[in-house]
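Let's take a friendly walk through this model, one region at a time. Have the sequence and the 3D view open beside you as you read.

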Amino acid sequence: MVTTPTLLGLLVVVLLAFAAFGAWYARGRIETVEDYITARNSTGGGTLTATIVASSMGAWILFSPAEAGAAFGGITAVAGYAAGSALALGAFAVVGPRIRTLLPEGHSLTEYAYARYGPIMYGYVLLVSVAYMFVFLAAEFTGIASALSLVAGVPGWQTAAVVGVTVLAYTGYGGLRASMVTDTVQTVLILPLLIVSVIVTLLALGGTDAAHATVVESAPELLAVGSPSGLEFGAYVVVAIVGAEMLNQAWWQRVYAASDEGTLRRSFLVAAVAVVPMVFLAGIFGPVAVGLGLVEAPADASVAFFLVVTEVLPDPAVVAVAVLAVLLVVSSADTLFNAIASVVTVDLPRVTDLSDDGLTTAARAVTVVVAAAATVVGAQGYSVLTLFLLADLLAAATFLPLLYGLYSPRAWSGGVTAASAAGLLVGLAFFPPARGALPPSALPAASYFVSFVGAAAVSAGLAVLTARLGNRRYDLDRLSREAEGLDDTVTDGGERP
């Protein structure tokens, strides 16, 4: 049995090593707020690909795909999760160059929303994007707290606090540059650890044939390719993940950090290909856990991967998997800390006259607040996949109207805001977890499929319809004049020309 002091001690050492490395690398490189949140045009293909892979492989990869496989449709659901994860990254290979072309000096999606649509849509997107990233972060902390509680009885608040504080230390100091350089190291460690963990666990089960036989004997429906429940899950999870990632500020930061558009396209496409086998390999442990009889309650599905690992592996191997899980949390947590801080910091010059140093301090203060709040939520033990789905729904109703303005000069603020709000209302009306907050008699039959597909379809349809009815024209070339470097903005006293 792995003891709490042993595991916590090892994790503290690993995390402090990353904190020291990130802070050391960033030392002397953060001269302006632009350096802190953007690292514009500074990142080559290798580092950019590594940071995208590491940031996309949060701890969710050990929790959500396996939970989908155990409780939402078996192997078909896992395949849908892998497809959605890949399409989300691949979409930035198309949208990213468009963003850089129209807003070459931009920083964030909220900045784009303000420039393109004005204050009302901007406020809505700010609320939705920050809420999405915060819930994503809380889900990561929830997952790792649940895993370490299972592995070694570590109290959830201790896990969340140790991870939150150490990641905050180097992210708050070094910003995006520290996040990206540690992502590179994490990728080098995560990929081999994930592959070895999967292979060793399958061997301990007796090989793939034995694992397959176990599932066939106990739950053959989970291996049915094309099962209705799996196809339904796959369809709505694609919409959920693609929509969510389009509103993830972390990717907008990396769009601008790329050294050029060719590097941007290649890096996102390579990461999209790389994430598919990783999601699929982690996801198959959901059906395996069910086959072994380890999923005895709905909450067990969230930690299906770890239920299998702790069942068949010796303690040293379990500790190695726990370290892998923490590295995965770190790789996404530092990204999200910095992403949320950058969204807020970009918007401060509109309402304050802070100096460059003041903006950097504000960015670090926001990071501290976010870390503390996510640590508290992460210690509560909610369902990881449910938290992710809630975050995804917020984005699914917003991303198509928001991005529509990158391509159509006819899109306008009132139309896209109404379209997004209507889509979100439709999504919430069918969202199963909403049953606990809203009167059941006032709601239609719950369905994740209708919730996500309906939210995206209604918002997209209304955005196009209002654009045609509104008969308005916006010069897309104006966007390049609406967003400017933060250093220039601060020099001008916080006012945009």
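## Ground rules

Helices (H or I, at least four residues) and strands (E, at least two) are DSSP runs, numbered from the N terminus. The model is predicted, so local features need pLDDT of at least 70 and side-chain atom pairs count only at pLDDT 80 or more, while totals for chains, interfaces and linings use all residues. Residues are numbered from 1 along each chain as its sequence is written, and side-chain values use heavy atoms, with hydrogens and water left out.

## The chain as a whole

The protein chain has 22 helices and 0 strands. Of its 497 residues, 59% count as buried; here buried means under 20% relative accessible area, exposed means over 50%, and partly exposed lies in between (1.4 Å probe, protein chains only).

The chain exposes about 17,500 Å², and carbon and sulfur atoms supply 67% of that area. Accessible areas come from the Shrake-Rupley method with a 1.4 Å probe; for residues, only the protein chains shown count as cover. A contact means heavy atoms within 4.5 Å. Among contacts between residues at least 6 apart in sequence, 85% join residues at least 24 apart.

Start with helix α20, residues 448-470. Its 23 residues should span 33 Å at 1.5 Å a residue, and its end C-alpha atoms are 32 Å apart, which agrees. The expected span is 1.5 Å times one less than the number of residues. At the start of α20, a side-chain oxygen of Ser447 reaches to within 3.4 Å of the backbone nitrogen of Phe449. Just after the helix, Asn471 takes a positive phi of about 50°. The buried residues of α20 include Tyr448, Phe452, Gly454, Ala463 and Ala467.

Helix α19 covers residues 413-430. With 18 residues, α19 reaches 26 Å from its first C-alpha to its last, close to the 26 Å expected. Among the buried residues of α19 are Ser413, Gly415, Gly423, Leu424 and Gly427.

Gly118 follows α6 and has a positive phi, near 95°.

## Along helix α8

Thr159 sits in helix α8, residues 156-204. Is Thr159 buried or exposed? Thr159 is buried, with a relative accessible area of 2%. Leaving aside residues up to four places away in sequence, Thr159 touches Ile144, Ala145, Leu148 and Val154.

Thr166 also lies in α8 and counts as buried at 11% relative accessibility. The C-alpha atoms of Thr166 and Leu16 are 6.4 Å apart, although the two residues are 150 apart in sequence. Beyond residues up to four places away in sequence, Thr166 touches Leu15, Leu16 and Ala19. The Thr166 side chain also makes polar contacts, reaching the backbone oxygen of Val162 at 2.7 Å and that of Val163 at 3.2 Å. A polar contact is a pair of N or O atoms within 3.5 Å; within protein, one must be able to donate a hydrogen and the other to accept it, and residues adjacent in sequence count only if both atoms are side-chain atoms.

Leu168 is another residue of α8, buried at 17% relative accessibility. Leu168 and Phe337 are 169 residues apart in sequence, yet their C-alpha atoms are 7.6 Å apart in space.

## On the surface

Leu203 of helix α8 is exposed, with a relative accessible area of 60%. Together, Ile195, Ile199 and Leu203 form a nonpolar surface patch with about 300 Å² of accessible area. Patches are made of residues with over 30% relative accessible area and no salt bridge: like charges are joined within 9 Å, and nonpolar side chains (Val, Leu, Ile, Met, Phe, Trp, Tyr) within 5 Å.

## The salt bridge

How many salt bridges are there? The count comes to 1, where a salt bridge is a side-chain nitrogen of Lys or Arg within 4 Å of a carboxyl oxygen of Asp or Glu. Glu261 pairs with Arg265, and their closest N and O atoms are 3.7 Å apart. Glu261 is partly exposed at 28% relative accessibility, and Arg265 is partly exposed at 37%.

Glu261 and Arg265 are 4 residues apart in helix α12, residues 261-283, and are therefore separated by about one helical turn. An α-helix has 3.6 residues a turn, so residues three or four places apart point the same way.
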